[in-house]
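Please keep the sequence and the structure in view while reading.

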Amino acid sequence: MTAVRSLAARVAALQPSATVEMTERVRIARAAGKRIFGLSSGDPNIPTDPRIVAAAERSLRRGETLYSTPAGLLPLRQAIAAREQELSGVAIDAADVLITPGGKFAVLAALMATVSEGDEVIIPDPGWVSYGPCVSLCGGAAVSVPCRDGYDAARLESAITPRTRAIIVNSPANPSTHVASQTELQAILAVAERHNLWIIFDQVYAEMNYADTIPRLQSLPGARARTFIADSLSKTFGMTGWRIGMLIPPPGFAKAIGRFIGHSIYCVPPFVQAAAIEAFNLADEIIPAIRETFRKRIAFAAPRLNKVPGITCPTPRATFYLFPKLAADEKAVARRWLDEGDIAVLPGSAFGDGGKHHLRISLIGSDAELDAALTRIERLGIGA
Ligand code: PLP
């Protein structure tokens with residue numbers, strides 16, 4: 001047999017994401033009949049509302065099974081523009097909204113549009129596992145900036161070089177749950193303006209807020225012209241598997257980026273878009289209910305974790321994650337909880353050095369499962 005070539009470095013060098021890897025381990029253990037408490041993925045047990053499912057069914061039965069337009073269906077783009085405008089206070093033209101297969105592809109499309117070979121992109125540390133790989137897929141180099149407890153202008157400044165092209169900002173943040181304040185966002189924008197950088201603002205958790213409204217970067221005067229808004233229906237509507245999200249580039253760029261969508265995925269399936277239109281019709285009913293579910297889980301779990309010696313667990317203002325601080329090595333604790341308690345959580349360091357001595361615990365299971373997992377955690381402790 002003749003030897004075949006190795007794959008191109010951009011793909012060969014990709015590492016599996018810690019979240020996907022752990023989810024896979026949980027799946028295999030469960031298939032083998034083991035009871036595992038899965039608190040590690042970003043995929044909550046929120047079923048899609050049956051009315052959204054019915055809208056997809058109706059669309060399929062109408063025969064909407066052919067190619068659609070790369071930018072997305074106009075009624076969906078209009079619904080997104082209207083909601084984004086309502087929440088951010090910024091005028092959004094439906095022509096500037098692109099429909100993507102999830103928020104992940106929205107981030108990738110924004111990077112594809114802004115990063116050339118050898119460019120640098122600032123990413124948060126700790127930060128979502130896909131930012132770094134998406135930057136390298138576009139030929140860029142990701143530069144991590146510590147921001148566990150918030151963005152700091154001086155730290156951002158010190159990471160900027162003549163090759164820096166963009167800053168990825170995620171608020172509310174995964175995994176830290178940090179919500180950037182208006183002042184922080186203002187400081188980020190000032191840095192971006194000073195160095196003429198793009199901002200990719202990932203707001204996929206913006207609707208999962210419990211304390212107050214979430215400041216949005218694009219709301220700041222002058223921000224819209226350099227901000228790519230990446231968002232998704234995944235978490236907001238319990239639609240992770242449908243793969244639908246959106247990218248709202250600065251005005252004037254949607255056509256060019258639409259061509260990238262056209263040449264790569266072509267389009268998001270039209271029946272998935274029909275479901276998304278129904279989701280937005282029902283937004284004021286569905287989103288508060290999902291939010292209440294997570295708020296209750298946080299109120300139940302955070303105080304209990306806080307009582308475990310060596311764990312400090314602030315109550316998150318947003319997301320469905322807990323990000324407790326440990327007086328112990330996070331990898332050792334995560335391993336022990338899995339081996340001795342069948343509990344899957346992620347070490348914070350899976351999201352970058354800034355996550356050391358932290359765990360990311362996802363509140364994605366039923367109340368009974370969460371209760372049982374917490375009881376085991378209370379028994380196991382952190383072993384410090
Ligand atoms: N951004 C962040 C911070 C996330 O945590 C996720 C998913 O976990 C995404 C984007 C993308 O989600 P999706 O592609 O399902 O919209």
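Two strands pair if DSSP finds at least two bridges between them, strands (E, at least two residues) and helices (H or I, at least four) being DSSP runs numbered from the N terminus. This is a predicted model, in which local features need pLDDT of at least 70, side-chain atom pairs count only at pLDDT 80 or more, and totals for chains, interfaces and linings use all residues. Residues are numbered from 1 along each chain as its sequence is written, and side-chain values use heavy atoms, with hydrogens and water left out.

Q: Which are the edge strands of the open sheet formed by 3 strands?
A: The pairing in this sheet is antiparallel, and the order is β10-β14-β13. An edge strand pairs on one side only, which here applies to β10 (321–322) and β13 (346–347).

Q: Which residue of β14 stands opposite Y321?
A: β10 and β14 (residues 359–362) pair in the antiparallel sense over 2 bridges. Opposite Y321 stands S362.

Q: How many bridges join β5 to β6?
A: The open sheet of 7 strands has mixed pairing, in the order β2-β8-β7-β6-β5-β3-β4. Within it, β5 (residues 164–170) and β6 (residues 198–202) run parallel, and the number of bridges joining them is 5.

Q: At roughly what angle do the axes of α5 and α9 cross?
A: Axes are lines fitted to C-alpha atoms, for helices over the stretch in contact (heavy atoms within 4.5 Å), and angles run from 0 to 180 degrees between N-to-C directions. The axes of α5 (residues 102–114) and α9 (residues 254–264) come within 10 Å and cross at roughly 115°.
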